[in-house]
Amino acid sequence: MSRGMTTTQAADVTVTPPRTAPQPVEPFPRRLVVPMVLGSVLNPLNTSLLAVALIPIGVAFGAPPSDTAWLVSALYLACAVGQPVTGRLVDTYGPRRLYLVGAVLVGLGGLLGAVAPHLGVLVAARVLIGLGTCAGYPASMALIKRESARTGRSSPASLLAALSFANQVIAVVGPTLGGFLVSGAGWRAVFTVNLPFAVACLVLGLVSLPREPRPVPGTPRERRRIDLAGIGLFSAALVSLMLFLMAPATGRLWLLGATVAAGVGFTLRELRAHDPFLDVRVLGQNRPLLVTYARQLLTGVVMYSVVYGLPLWLEHGRGLTPSQTGLVLLPMFATAMVGTVVTRRQRGVLGRLLLGSALQVAACVALLAVHSGTPVVVLLVIMAAFGLPQALNGLANQNALYDQATPEQIGAASGLFRTFMYLGALTSSAATAAAFRTAADTPGLHALALFAAACAALLLATVVAEIALRPRIGRPPAPSAVPGPHAR
């Protein structure tokens with residue numbers, strides 16, 4: 001009996017497996033941080049570096065401002081078209097390959113600019129640099145998304161903040177650096193400065209960036225089919241729109257007609273394509289991402305109105321040298337840095353945008369009180385006021401992009417994100433040209449400030465409207481609920 005009871009009790013015993021310690025979350029590979037940041041900042045560096053070099057270049061080649069403006073426009077066109085195309089290629093071929101190709105193109109563009117015998121070659125160098133710098137940001141966002149999924153870190157707030165911080169700071173400090181380069185080594189230095197950056201990106205990319213996993217047999221051909229027709233129609237629509245924005249006039253309205261025609265053709269093509277360049281169905285369903293693109297455009301209008309329009313007035317209307325102009329813009333760097341560091345771990349979007357857009361409106365209104373005799377210390381305070389909203393809006397828009405784009409579309413979505421920034425930049429360029437039609441004088445500065453204030457107020461209105469409607473419309477669908485670009 002005792003033995004039987006023992007047997008029964010033994011039969012009733014449930015053997016529980018030994019407890020295993022929870023697996024620690026794998027940290028994000030630190031070796032990726034430097035090449036990601038370095039690759040992504042080449043684009044804003046070359047966008048802003050030239051701001052104080054246009055006048056010396058015009059003097060060197062005997063070219064009027066209407067011709068040297070192509071140095072800015074050529075890079076805008078190359079980047080606006082190249083960013084989503086490169087992002088799509090990142091999604092298809094992986095970030096490492098496109099990152100390395102981009103570094104080579106940047107180096108070639110810098111070398112060509114260093115020896116350019118006339119303005120046409122210099123414009124070609126800017127196109128090469130623009131295309132090369134298109135790879136860094138989409139590749140970085142794709143790497144963050146991929147490594148976050150692999151390591152289990154779904155919200156790398158500090159890493160996204162570092163990426164945004166680097167881009168914002170370089171965009172702000174670019175004119176200052178350009179002023180010192182032009183004053184110390186001549187205008188060609190704004191091109192040759194790309195050479196060490198390109199070499200560093202190439203070496204770090206080869207050493208640090210992970211190789212692509214081997215494709216599953218039987219699938220690589222279908223995945224690597226490129227929608228050339230879609231890319232061509234998209235490029236045609238975007239180029240015609242940007243050409244109109246560069247010099248809006250009633251005689252150029254045909255460009256808007258070409259934009260509409262190419263846009264309709266692009267939409268019809270992508271709806272029928274088996275593997276579309278941009279899945280317009282998915283994009284149309286992702287309303288939060290479309291709103292983020294619109295906010296990025298408005299942010300770009302305000303930022304580039306200051307980065308490009310204000311230096312013209314400081315040199316012509318205020319009589320400052322290029323290096324002095326760069327120093328006046330420097331407080332934007334300091335406040336942008338502080339804003340990013342203080343809020344880097346916060347994931348909120350609407351709160352940042354609310355404060356950032358309100359501060360932008362206030363800073364633009366403050367420019368209305370500026371005149372040729374305004375003390376430099378007042379200008380420094382106004383510049384400091386512009387830096388904080390740039391940091392807040394940049395972080396908010398980038399965090400929204402990261403959350404709203406699926407892993408399958410993060411490259412193309414990141415590229416399109418940059419395209420809307422350049423559409424904003426071109427809009428501000430057209431506004432700057434209209435404001436300074438005869439000269440970069442104080443009335444022109446006030447007109448530009450009014451335009452920028454209106455765009456900042458529109459950005460603020462979108463945020464207020466979303467906050468007011470949020471209890472009614474609820475939260476947007478999770479990114480995982482949105483199918484990827486290959487889903488059917």
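Student: Is Trp-187 buried or exposed?

Tutor: This is a predicted model, in which local features need pLDDT of at least 70, side-chain atom pairs count only at pLDDT 80 or more, and totals for chains, interfaces and linings use all residues. Residues are numbered from 1 along each chain as its sequence is written, and side-chain values use heavy atoms, with hydrogens and water left out. Buried means under 20% relative accessible area, exposed over 50% and partly exposed in between, with a 1.4 Å probe and protein chains only. The relative accessible area of Trp-187 is 11%, so Trp-187 is buried.

Student: Where is Trp-187 found, and which residues does Trp-187 touch, not counting residues up to four places away in sequence?

Tutor: Helices (H or I, at least four residues) are DSSP runs, numbered from the N terminus. Trp-187 is found in the loop between helix 8 (157-185) and helix 9 (189-192). Contact means heavy atoms within 4.5 Å. Leaving out residues up to four places away in sequence, Trp-187 touches Ala-53, Pro-56, Ile-57, Ala-60, Phe-61, Gly-113, Leu-122 and Val-182.

Student: Is Glu-466 buried or exposed?

Tutor: Glu-466 lies in helix 20 (residues 442-473). Not counting residues up to four places away in sequence, it touches Val-291, Arg-295 and Leu-350. Its relative accessible area is 19%, so Glu-466 is buried.

Student: At what angle do helix 12 and helix 19 pack?

Tutor: Two packed helices are described by the angle between their axes and the distance between the axes. Axes are lines fitted to C-alpha atoms, for helices over the stretch in contact, and angles run from 0 to 180 degrees between N-to-C directions. For helix 12 (residues 228-246) and helix 19 (residues 410-435), the axes are 8 Å apart and the angle is about 25°. Angles under 35 degrees count as roughly parallel, which means that helix 12 is roughly parallel to helix 19.

Student: What is the mean pLDDT of the protein?

Tutor: The pLDDT is the predictor's confidence in each residue, from 0 to 100. In this protein, 84% of the residues reach 70 or more, and the mean pLDDT is 80.

Key. Helix = DSSP H or I, 4+ residues; strand = E, 2+ residues; numbered from the N terminus. Parallel < 35°, antiparallel > 145°, perpendicular 65-115°, else oblique.
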